[in-house]
Amino acid sequence: MEPAMTGLKQSEFAWQRQAMARLDGWQLTESGDGARFDSVSIDSRNIAGLRPIFVAIPGNRFDGHDYVDQAIQAGAAAVVVDRSFRRKLPTQIAVYKVSDTRVALGQLASMKRRKYAGQVIAITGSAGKTTTTGFISQLIGSGVSATIRNFNNEIGVPLSIFAASMTDRAWILELGMNHAGEIERLTNIAEPTTGVLLPAGMAHAGAFKTAADIRRAKAELAFASGAPGRIVAHHSYRDVLFGQDAIFVDGRDAAYGVASARVNFPAGTSLRLSTPDGRFFANPTVQGRHFALPILFAWAACRESGLVARRSAGRLDKLTTPPGRMQLRAWRGGWVLNDAYNASPGSWAALVDYLDALPAGLKIRLVAGEMLELGRHSRAQHDLIADRLASLKNVRLTAVGRAMASALTRRTGKTVDPVAADTAVATGLAGWRRGTLLVIKGANGTGLFDAARDALGGT
């Protein structure tokens, strides 16, 4: 069965049949009925709109070309296929043939983007993209369209653009990557007005040798033909943003900085932020000093885009994190901290810093899930985290994933066997005592996020 993907209706914008035929590499082989189409889908089971376009995307497990007939039966008025597609289709359907339907999807997204008059903020970095996106959305308030779930690749970015409202004040688009060149391609689709370069660490490091290589790949955002006019960048990009008029965050002489950050468990975090408008004091309920940086980036991106002013600073106290990102909830006289949606070396280090800052005597149970997509760097990065975990006092550890269990075995000198995600969460909740903090941390692919949601009732 074809994988479920979002059918995205956008009646505020329509794709003109003849304009599509003039796109580079496109051939209209059947003209069909009607002159315009109002939505785009890549899922034949979720065709939405008055006159939808179905784009046949090939994937690792499914090929959209095998579902063209189902898409037409579901109401598609136009289909986009590659040039090898030979089947005869109804003459009332507009049929476009292209060399690469993935590229074609991006071209359709670009058509809509170029008609949008609001602000487009594009965010990339190794960790914190979704959290920063959420903070920006909350700071702006109403009238924001943001990346859907984790749709941040060559398919996801167009889908997020198709779903965005033409009447919103701003679009916030996350740009992800696994290889050099991807950020450039996504930037050219998004054509952002403001770009955000979060710190580049070793997340998704499989195709890169060093953190500097990753930083250069992320910085494609600033050098693509569709590069934004404003760049808000972490200070670590100074060496690659030569010739760019960037606004730097954190570091010496940066326009925006974190003057202080203190954990007030369980209430949240106290922050003092330095900005071009002076210093702000904020007390959001977010858990962890490491959120100071994405909060600062969010404020900088909004301010530089003209979307907030100093009087909006009161919104900083109300910021919340997305599901599975350091979300704390009371539980039977104690607490559960769910940080199981994502895991990278940087986010793991931030969690250990947070645990170090907690009150002495707090009983902590930690479900430690492995990190994914680190390639040849996996062992070294897991060993670094295991070293820090071994130094924590009064923490009871359970490992999920062979990489984390092996690292803990090597670094602690004690045999640690990997446990299934649901078992690890259930064990952490068993024999519960008041005043206990259960921390669940790991990559989404370990199954910990789903296990925590199921055990805790939708946290």
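User: Let's start with helix 12. At about what angle does helix 12 run to strand 21?

Analyst: Keep in mind that this is a predicted model. Helix 12 covers residues 402–412 and lies across strand 20 and strand 21. Against strand 21, the helix runs at about 135°.

User: What is the order of the strands in the open sheet of five?

Analyst: The pairing in this open sheet is mixed. Strand 18 (327–331) and strand 21 (395–400) stand at the edges with a single partner strand each, so one side of each has no neighbour in the sheet. On average, neighbouring strands are turned by 15° against each other, ignoring direction. Reading across, the order is 18-19-22-20-21.

User: Which residue in strand 22 is the bridge partner of Ala368?

Analyst: Strand 20 (residues 363–369) and strand 22 (residues 436–441) run parallel, and six bridges join them. For Ala368, the partner in strand 22 is Lys441.

User: Which strands does helix 10 touch as it packs on the sheet?

Analyst: Helix 10 spans residues 345–356, and its direction makes about 175° with that of strand 20. Strand 20 is one of the strands it touches.

User: Over to the second largest pocket: which helix gives the most to its lining?

Analyst: This pocket has a volume of about 450 Å³ and is lined by 20 residues, with Gly106, Gln107, Ser110, Met111 and Arg114 nearest its centre. Strand 2 (15–16), helix 3 (101–113) and helix 6 (182–190) each give two or more residues to the lining. By class, the lining has nine nonpolar, five polar and six charged residues. The top contributor, with six residues, is helix 3.

Technical notes
Residues are numbered from 1 along each chain as its sequence is written. This is a predicted model: local features need pLDDT of at least 70, side-chain atom pairs count only at pLDDT 80 or more; totals for chains, interfaces and linings use all residues. Side-chain values use heavy atoms; hydrogens and water are left out. On a 1 Å grid over the protein atoms alone, a cavity is a set of points where a 1.4 Å probe fits but cannot get out, and a pocket is an open set with protein on both sides within 12 Å along at least five of seven lines; lining residues have an atom within 4 Å of a point. Grid points are joined across faces, edges and corners, and a volume is the space filled by probe spheres set on the points. Helices (H or I, at least four residues) and strands (E, at least two) are DSSP runs, numbered from the N terminus. Ala, Val, Leu, Ile, Met, Phe, Trp, Tyr, Cys and Pro count as nonpolar, Asp, Glu, Lys and Arg as charged, and the others, Gly among them, as polar. Two strands pair if DSSP finds at least two bridges between them. Axes are lines fitted to C-alpha atoms, for helices over the stretch in contact, and angles run from 0 to 180 degrees between N-to-C directions. Contact means heavy atoms within 4.5 Å.
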